[in-house]
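Reader: I have a model on screen and want to learn how to read it. Where do we begin?

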Amino acid sequence: MGFKPRHRNPFVQLRARNISYEEGGRMITLLSMNRDTMDLEVSIKEKDETKIITDFPFAHLPKKIKKELNPL
């Protein structure tokens, strides 16, 4: 049988951490992250309209936000 590593869920919920930043007049809030594809689900609030984007690339985040997420 041997050693079977514990399966780690590739999705990390970020809603509870309330991570958000402002860029170009838009408020971007991180909702969840897929560690396998390094894609994020984000909520973008622009004026009075809110959109949820499910395939936001990790590379487009500011360095300060990336440092907060790095241990995940």
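Author: Begin with contacts across the sequence. This is a predicted model. Of its contacts with a separation of 6 or more, 27% join residues 24 or more positions apart.

Reader: Which elements does the chain have, and in what order?

Author: Count first, then order. From the N terminus they run β-β-β-β-β-α.

Reader: How do I read strand pairing? Take S3 and S4.

Author: Look at direction, bridges and turn. S3 (residues 26–34) and S4 (residues 39–46) run antiparallel, joined by seven bridges. Leu 30 faces Val 42 in S4. Four residues lie between the two strands of this hairpin, and Met 38 in the turn has a positive phi of about 60°.

Reader: And which turn residue has a positive phi between S4 and S5?

Author: Lys 47, at about 55°, in a hairpin with two residues between the strands. S4 and S5 (residues 49–57) are antiparallel too, over seven bridges. Lys 45 stands opposite Thr 50.

Reader: What about the core?

Author: In soluble globular proteins, nonpolar side chains tend to be buried together. Here the largest nonpolar core has 15 residues, with Leu 30, Leu 40 and Val 42 among those with the most contacts inside it. S3, S4 and helix H1 (63–69) each supply at least two of its residues. Leu 40 touches residues including Leu 14, Ile 53, Phe 56 and Leu 69.

How values were computed:
Residues numbered from 1 in each chain as written. Predicted model: local features only at pLDDT ≥ 70, side-chain atom pairs only at ≥ 80, totals over all residues. Heavy atoms only, no water. Pairing = 2+ DSSP bridges. Core = buried A, V, L, I, M, F, W, Y, C linked by side-chain atoms within 4.5 Å. Buried < 20%, exposed > 50% of the residue type's maximum accessible area, 1.4 Å probe, protein only. Contact = heavy atoms within 4.5 Å. Lists of a residue's contacts leave out its neighbours within four places in sequence.
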